[in-house]
Amino acid sequence: MKIALISKSEAGCAEAAKLLRSRLPSGELVMLPAIPDLLISGGDPSAPDLLVLNEPSIEDGELDRVERLSHLYPRLACIIVSRNNTPEFLIQAMRAGVREVLPAPVNGDALLAAIQRIEAKRSGQAQSEGKIMAFISCKGGSGATFLAANLGYALSTLKKRVALVDLNLQFGDASLFVSEQKPMATIADVAQQMHRLDASFLDASMIEVAPGYNVLAAPEDPAQANDVRPEHVDKLLKLLRRNYDYILLDVGRNLDAVSIGALDQADIIFPVLQTTLPYIRDGKRLLAVFQSLDYRRDKIQLIVNRHEKSGDIRLEDVQRALGMKMPRTIPNHYEAAAASVNQGVPILKLVKVSPVSRALLDFAQSLLGTSTQTTSGWLRRVLHRS
């Protein structure tokens, strides 16, 4: 862990520095009179993991600088050592993203214990950091929104925390696929109040479809799409990663600064197509764009929706035309899918025995790394439960 001790008085942190240097490898601790401007600008590639601020001044705007750092470097933790322990100061510190406030003069053992707590929390977050998966249509009507929305529900039935973000900013309707609730807020509303963004504010802005499954809706007014900027989405996704196991993005078809920024952050991109020539042609174009963006090939995983085994175009033809490995398939069951969409109820909840429901549950299981062969009895019980 790289630690920066910030103190106007070198003597103010001498004891802490002596203790930490005895416990940390050489070169992992620095003492500075103030937070470096390079760090504030967001251009420091060697940012520390932890800031320890000795007696920061509110009047000098040091807490404002700490708050900016917490947005620029989401994994940067901050500890304050201060004689000011009033409730007002503690609230300001918490809002700025400070993890702990210790009484001054600094006690080395107390500081070391606080650092150990931060390390333990960071280790837990690293193990549970959410995975971002983006769904994008190769051509309109592919069913990407349906798959993203219903896969989210399938993952939530497996006791995972799931967030679906509708990034089809002008004409998104992902929430309607799995819920009849009218959104109290949209991603545009969140973007307009980014200064308030935290886990509680975000949860309050989302629709709860099922326990552990929330949806952040697209703007009601297409004109509000301009309120959402790439930096908003970047900050939003970083927060979602810390609070959800899976973050599903419905990207729509537009490739602009916002959607490309989101795709850059995605761990997996699922282009969705059907087995017809127009879809394959547009799929080839989309893959060429991804190649120009230098996305790794293993980041792209094709999905063939509404697949019919007896169709004129075989999966091998799709694989050969697009130069990709065999795609995942979702079978065609139009009646069940249409009923799900029309009622705003997840298909796995409405028609459990549908082949689409089975395919989506298998998809969710594969993302968890669970073999369906070892859980077939459990799947059978779920799918046929009354």
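Me: Which residue has its charged end over the ring of tyrosine 295?

Reply: In this predicted model, that residue is lysine 299, whose charged end sits 4.4 Å from the centre of the ring. A second case involves arginine 161, which lies over the face of tyrosine 244 at 4.3 Å from the ring centre.

Me: How many aromatic pairs does the structure hold, and how is a pair of aromatic rings described?

Reply: A pair of aromatic rings is described by two things, the distance of the centres and the angle of the planes. The structure holds 3 aromatic pairs. One of them joins phenylalanine 270 and phenylalanine 363, with 5.3 Å from centre to centre and 90 degrees between the planes. This pair is edge-to-face.

Me: Where do phenylalanine 270 and phenylalanine 363 lie?

Reply: Phenylalanine 270 belongs to strand 11 (residues 268-273) and phenylalanine 363 to helix 15 (residues 355-368), so the pair ties together parts 93 residues apart in sequence. Both phenylalanine 270 and phenylalanine 363 are buried. Together with Phe135, they form one aromatic cluster.

Me: Why is the pair of phenylalanine 290 and tyrosine 295 called tilted?

Reply: The planes of the two rings stand at 40 degrees, so the pair is tilted; stacked would need under 30 degrees, and edge-to-face over 60. The ring centres of phenylalanine 290 and tyrosine 295 are 5.6 Å apart.

Me: Are phenylalanine 290 and tyrosine 295 buried or exposed?

Reply: Buried means under 20% relative accessible area. Phenylalanine 290 has 2% relative accessibility, so it counts as buried. Tyrosine 295, with a relative accessible area of 11%, is buried too.

Notes: Residues are numbered from 1 along each chain as its sequence is written. This is a predicted model: local features need pLDDT of at least 70, side-chain atom pairs count only at pLDDT 80 or more; totals for chains, interfaces and linings use all residues. Side-chain values use heavy atoms; hydrogens and water are left out. Rings of Phe, Tyr and Trp (its six-membered ring) pair if their centres lie within 6.5 Å; planes under 30 degrees apart count as stacked, over 60 as edge-to-face and the rest as tilted. Helices (H or I, at least four residues) and strands (E, at least two) are DSSP runs, numbered from the N terminus. Buried means under 20% relative accessible area, exposed over 50%, partly exposed in between (1.4 Å probe, protein chains only). A charge sits over a ring if NZ of Lys or CZ of Arg is within 6 Å of the ring centre and within 35 degrees of the ring normal.
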